[in-house]
Amino acid sequence: MAVGVLALQGSYNEHIAALRRIGVKGIEIRKAEQLRGVDSLIIPGGESTTMAKLAELHNLFPALREFVGSGKPVWGTCAGLIFLANKATGQKTGGQDLVGGLDCTVHRNFFGSQLQSFEMELSVPKLAEKEGGTSTCRGVFIRAPAILEVGPNVEVIADCPVSSEQLKVAIPTSDGQEEKEFTNNRVIVAVKQGNLLATAFHPELTSDSRWHRYFLAMVEEAKEEATPSEVMVKYDLYGDGNDRAKKPYDLPIFE
Ligand SMILES: NC(=O)CC[C@H](N)C(=O)O
């Protein structure tokens, strides 16, 4: 199996190394046509404005949107999460292009500047249920975003506690955010929506390979769904004018 890794900027080498550790080839993607050769994609962390400028320069946005829209599995980490979000706040003046597709609002630098980067143990029972191991994982947050709001089809896989002060700094009341959304003082940091996975932190910088395995399981599932094994097709197998129902074989069919 091979997984595409958007290689414009940021931690794409680290994702490729993480994939290699579990025996999977990561293919660097820099051009729209290279996307046609892969059926899954990781958008790494980095700096989303710079990444967006490079994607614009290489005219990648239409191909990325088509890729996401076609239902192929895509995992965005950190800046990659921002790329996938339908809406981002805290952007630089003028904003930046997003690929979109993930029904959520993300705050670009929710946890503050580079100096406020941190690590914490996150509770991830859903990940442990699928991939085994402990019910927590190490979250490496580097100038990290956070998800403030999700749509009804988005499954929350991890959230994390934040202080009232952090909320106040990141979301001044003048932004019009309703306070009740954050009564538990928690923000969302990992989600899944169909074939889209997004994490605000960097699993590729840890030795825990469960997030990469989790994504690969999504890729496998998507492939199985795409195989029309139960579809019955009519063939005139014997040339006698009678259609006989038959499960399709892999093409070509030599019969
Ligand atoms: N580590 C990261 O990917 C940081 C993302 C950063 N907050 C951005 O806006 O791009």
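I started with helix 1 (residues 12-21), where Tyr12, His15, Ile16, Ala18 and Leu19 are buried. They sit on the same side of helix 1, because they cover an arc of only 160° around the axis, the arc being that of the directions from the helix axis to the C-beta atoms. My cut-offs: buried means 20 or more other C-beta atoms within 10 Å of a residue's own, exposed means 12 or fewer, and partly exposed is in between, with C-beta atoms placed from the backbone. Helices (H or I, at least four residues) and strands (E, at least two) are DSSP runs, numbered from the N terminus.

A note on the source: this is a predicted model, in which local features need pLDDT of at least 70 and side-chain atom pairs count only at pLDDT 80 or more, while totals for chains, interfaces and linings use all residues. Residues are numbered from 1 along each chain as its sequence is written.

Back to helix 1: what do its buried residues pack against? I found strand 1 (2-6), strand 2 (25-29), strand 3 (41-43) and helix 7 (210-226). Arg20 and Arg21 are exposed, on the face turned away from the buried side. Just after the helix, Gly23 takes a positive phi of about 80°.

Next, the ligand. I see 13 residues surrounding it, the closest being Gly45, Ser48, Cys78, Ala79 and Ile142; a residue is near if its C-beta atom, placed from the backbone, lies within 6 Å.

I then checked the UniProt "binding site" annotation (unreviewed entry), which covers Gly46, Glu47, Ser48, Arg108, Ile142 and Arg143; such annotations may be inferred rather than shown by experiment. These residues span 98 residues in sequence, yet no two of their C-alpha atoms are more than 12.5 Å apart, so they gather at one spot.

Gly46 lies in the loop between strand 3 and helix 2 (48-57) and is buried, with 22 other C-beta atoms within 10 Å. Arg108 lies in the loop between strand 6 (102-107) and strand 7 (118-123) and is buried too, with 21. Leaving aside neighbours within four places in sequence, Arg108 is in contact (C-beta atoms, placed from the backbone, within 7 Å) with residues including Ser48, Gln91 and Pro145.

Last, strand 8 (residues 136-141): Cys137, Gly139 and Phe141 form its covered face, and Thr136, Arg138 and Val140 the uncovered one. In a regular strand the side chains alternate between the two faces of the sheet. Six bridges join strand 7 to strand 8, and the two run antiparallel; Phe118 has Phe141 as its bridge partner.

Methods
Contact = placed C-beta atoms within 7 Å. Pairing = 2+ DSSP bridges.
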